[in-house]
Amino acid sequence: MNEIAHEQEVVAARGVKVAFGAVRALDGADLVIRAGECVGLVGHNGAGKSTIVNVINGGLTPHEGTISYGGEVAQGITASRAHGVRCVFQELSLCPNLTVAENARVMHSDLTGTGWRKQALALVKQQLSDIFPGHTIDCESVVEDLTIAERQMVEIAISFGAVADRPRLVILDEPTSSLDAGLAGQLMAYVRRFVEAGGSVLLISHILGEILSTSNRIVVMKDGKVVADKPASQFQTRSLVEAMGSVVREQGSDRTARVRTGDAVLSKQLNPRSDSRLEAYAGEIVGLAGLGGHGQTEALLEIYLSANGNWWPTREPKMAFVAGDRGLNGTFSLWSILKNLSVSSLKALSSRSMISDGREAEVGDRWRKRIEIRTPDMDNPILSLSGGNQQKVLFARALVTTSKIVLMDDPMRGVDIGTKQEVYEILRSEASAGRTFIWYSTEMDEIRLCDRVYVFRDGAIAAELVGEEITEANVLAASFAGGVAV
Amino acid sequence: MKLSSGAIRLVIPAASLAVLLAAVFYMQPRAMSYTGLNLLFNLAVPIALATIAQMLIMSVNDLDLSMGTFVSFTACVTATFLQSSPAIGILILAGAIAAYAALGVIIHVRQLPSIVVTLGMSFVWGGLAVLLLPSPGGAAPGWVRWIMTAKPPLVPVAIVASVIIAASTHLLVMRSSLGVLIRGVGGNQRSVERAGWSIVWLRAAAYAMAGFFAVLAGIALVGLTTSADANIALRYTLLSIAGVILGGGEFVGGRVSPIGAVIGALTLTLAGSFLSFMRISPDWQIGAQGAILIVVLALRLFLNRLEKREKNR
Amino acid sequence: MSAVRNLGSRPWIWSFAAAAIVWVATVWFTGGSSAFGLSQATLTFAAFSIIVGVGQMFVITLGPGNIDLSVPATMTLSGTLALKVMDVQDGMILVGLLVAVLVGVAIGIGNYALIKLLRIPPIIATLSMSFIVQSFAIWTNRGLRIKPPEMLSSFATSYSFGIPNVALIALLISTVAWVLLEKSIYGRWISAIGQSSFAARMAGIPVDGTRFVTYVLCAVLAALCGYLLASFSGGAALNMGAEYLLMSIAVVVIGGTAVAGGNSNVPGIWGASLFMFLVVSMLNTYGFGAGVRLILTGLIIIAVILAAGGRKAVR
């Protein structure tokens, strides 16, 4: 092994494999970051970007493969911090009730002594004006009083700042998501200066212009593997988008665009700033695509909450919702499978507000057969089921209701392929029976099942694709700012 | 004018205290004297200390329902052991503080709801107090009595004590490193943990400090009343929670203010005197405390809305 | 065999087992002479904690942070107002009952209005409400202590088939509560909200409406209990509700209702209430004072919550 090459390595992940249940998040990925370079990391949803970041910063232990810091094999958050790895997460991770300087104190445990407040203040001020010259952030104000952009700036400044040992690698996960173009430009310029001075940066962004202009090297991931790893100069926007897509010539939409009949069953303006509306017609499957976290879930929630009252029970709910995050907003973990299935349609299963056990059991039996929930007894606890089967129960919960519209918040994430096929089949038959589905999905295969697709970017609809236009290339191009329609 | 949310949080309690005080002076000009002020605020000192204790627990997103019985217990210890054999008394009180720290650890490690654990503890402290003093009695230690009845020049002792309490706890909770970390736990436990701090220790420290201030509350109370009984401070549980909220603190998110808490305690004490000056029957004293609480909370909601609208503009 | 295992997995069984053990220990100490009297007294006094406990249970089922601290003030106010309205006339008994229920409804509405309008946690909303209600009670209670109507007071203190009438009423209320909890849509809804209020909302449950009804229900039960307690003890006292604040929470927790919400049971409240009173009588019989009694009560609550928390960690 080459000693010098190893010394230059800040972090090296080799042959890393990570699986969450049936899903292979990382399937033998290699990522080496050397001193003095900025590596751009791009890929579509589920490509494994966040997973490899978590592996590098020590938050996740890979099932296979090695992680080494500066040539030394180690693992864990402490080890990664000790080797100068810092991470600015996509979700903000400051304490909102503390001031900017106090947050620096929390993040840097070596800010000790009686003068720590002054020291922290000087540190953040210095770092902020280094990165964002001309900023107007008051470092003595409480974080919750700052705007979202200012919070992001503070977090970046604290991560680049140092008391004793300087950071060697800073991971920036969508660092410009709330910054305007000017601030984003300042940050990118700082990243280049930081890299020239010998530091390294791992940059993840959906704005391809940033990646192309700032990185020395670009790594493209797909399906848990690195599919391209070349100097940035060898890429252009177009070739980058192509690299993220499938290698094989893909087929277009699996469905032919339906003839729209009657009025839209749903028409909603999502963003007061743009006049694009989200519309859906009876019997249609409408897809919401784009990178994760660009406002699709929020759109679904807004549609659902504005349609369902919170005070009076309704006999015939207009919409039903299929949750994606089962633990957070889907299953009721203390209940049986049957109760989880019937909770949205209790009105129909009862007389005088008393639930009829017989009718409930009958409905449970019918749906267990129809969607093949694999359990000997519907009275077993919901948690006794596998993730895929729990998801089927949530799906059935929505279908049992008389709702004409079903909203789906990426419900098939992490579900095995067999279960998926079964659910798609039911989806098709329910749609042809006249139900409307609005389906947020992070998986390309599912988006292709839709009649019409809205691609989201930065909380707004960036493109509407119909029928044959629904291709991975088009979705990718619309998901990344600066991407061109292929 | 740009105000920080912390300052806004302090404005309402300070204003309500000022309004109340002005009303009292207007109706009873004689209250505007050394003795008058001392009488008005005398009972505020132990309440302020208990409120600070409750505030420390609330800064890590917990709630202490045993505050009243615990202060009663420490008052009983003060009136008995601390007076007759100080060494044993100090030992008992130190043990009580250690018990608080242990509670903090247990609640965190087992992920228990603090409300229920402290509910259980309230029976335990109450029982211990009854064992110590089955009937009202005991005597205040001389030095405690001396402190609480001291006559400093110009400003009565109740005011001096309140200022000292506010200033020292402000330093401890808002300025010190430890205070920052404790409030950080309340604000975003995950990020404090990710930065490599031990949450268990921070919680234990918060609980221990709360125990310490509650002990001081018991001692101060006995200094005023000269004797104790097992039920002497039962009201303090509710008063201390109300005081923190009045002073701009919140139940979750580590948003607390020691100065506000002391002001809140003073306001609650003054509300009683105010009503008696108004010749409103003492029947409505408790009710007025409730009403003040509601009015202040409504005001705060109103201000927050205003601020949000300002921000969105 | 499986029936035994099934029984063992019911959380309420432990409170009944504990109550039985304490009962035997007490009766055994007195040589068996007190068996009948002890049972009657226990049922009588437990009945009051059961009635308020059931109401508190519904509120606690709604999930973390949901708790009603206005219970004692509500009891006092409904007791005093009802006695005042009845004014020792037998003919006014039903009117008095109506007044008590109305007091409960009003306080329940007030509680939820505060929670919703001021967006404050239930604990501080019900606390401020209780301050006001308590003052109102003091104000109405001024002057003479009014006795309950003769018929009502003799009803409250007498027995049918050897069982105290108040215990029969508690049984009736518990049965209705059990049916509500286990068989009705409302029961499903509060359980769902307690497990995850957001998931409940996304499943189409009217969360606000359900919570509102629950707070009213709790206040009405507390008011009912105040009415009965005042009739039973020959008049309303200002501090008559005081011990029921902690007691109502304690019997719910000891009875095996999950403090984290979503999972509750009515039988456990019976076991816990009987147990709490029996512990008092046992310690009295053995000559222990109030201090030891309180300490034991506290330690039991903590032990129960520790054991329950442990179960959760395993899952």
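A: Let us do so with this model, which is a predicted one. We begin with Gly36(B), which is found in helix 2, spanning residues 34-41 of chain B.

Q: Is Gly36(B) buried or exposed?

A: Burial is read from the relative accessible area, and a residue counts as buried when that value is under 20%. Gly36(B) has a relative accessible area of 13%, and is therefore buried.

Q: Which residues does Gly36(B) touch, not counting those up to four places away in sequence?

A: With those set aside, Gly36(B) touches Arg30(B) and Ala31(B). Trp125(B), by contrast, lies 89 residues from Gly36(B) along the chain, and the C-alpha atoms of the two are separated by 35 Å.

Q: How many residues has the largest nonpolar core, and which of them have the most contacts inside it?

A: The largest nonpolar core has 266 residues, and those with the most contacts inside it are Phe132(A), Phe160(A), Val201(A) and Ile124(C). Helix 11 of chain B, residues 199-225, gives the most to this core, with 16 residues. Another core, of 44 residues, lies apart from it and includes Ala289(A), Leu341(A), Phe395(A) and Ile426(A).

Q: What is Phe132(A) in contact with, leaving aside its neighbours within four places in sequence?

A: Phe132(A) is then in contact with Met153(A), Ile156(A), Leu179(A), Leu183(A), Gln186(A) and Leu187(A).

Q: Which residues make the nonpolar surface patch?

A: Patches are made of residues with over 30% relative accessible area. Here Trp23(C), Val24(C), Trp28(C), Phe29(C), Tyr286(C) and Phe288(C) make a nonpolar patch of about 660 Å². Tyr286(C), placed in the loop between helix 13 (267-285) and helix 14 (290-314) of chain C, is partly exposed, because its relative accessible area is 31%.

Technical notes. Residues numbered from 1 in each chain as written. Chains lettered and ligands numbered in written order. Predicted model: local features only at pLDDT ≥ 70, side-chain atom pairs only at ≥ 80, totals over all residues. Heavy atoms only, no water. Helix = DSSP H or I, 4+ residues; strand = E, 2+ residues; numbered from the N terminus. Buried < 20%, exposed > 50% of the residue type's maximum accessible area, 1.4 Å probe, protein only. Contact = heavy atoms within 4.5 Å. Core = buried A, V, L, I, M, F, W, Y, C linked by side-chain atoms within 4.5 Å. Patch = residues over 30% accessible without salt bridge, like charges linked within 9 Å, V, L, I, M, F, W, Y side chains within 5 Å. Areas by Shrake-Rupley, 256 points an atom, 1.4 Å probe, with all protein chains shown as cover. Salt bridge = Lys/Arg side-chain N within 4 Å of Asp/Glu carboxyl O.
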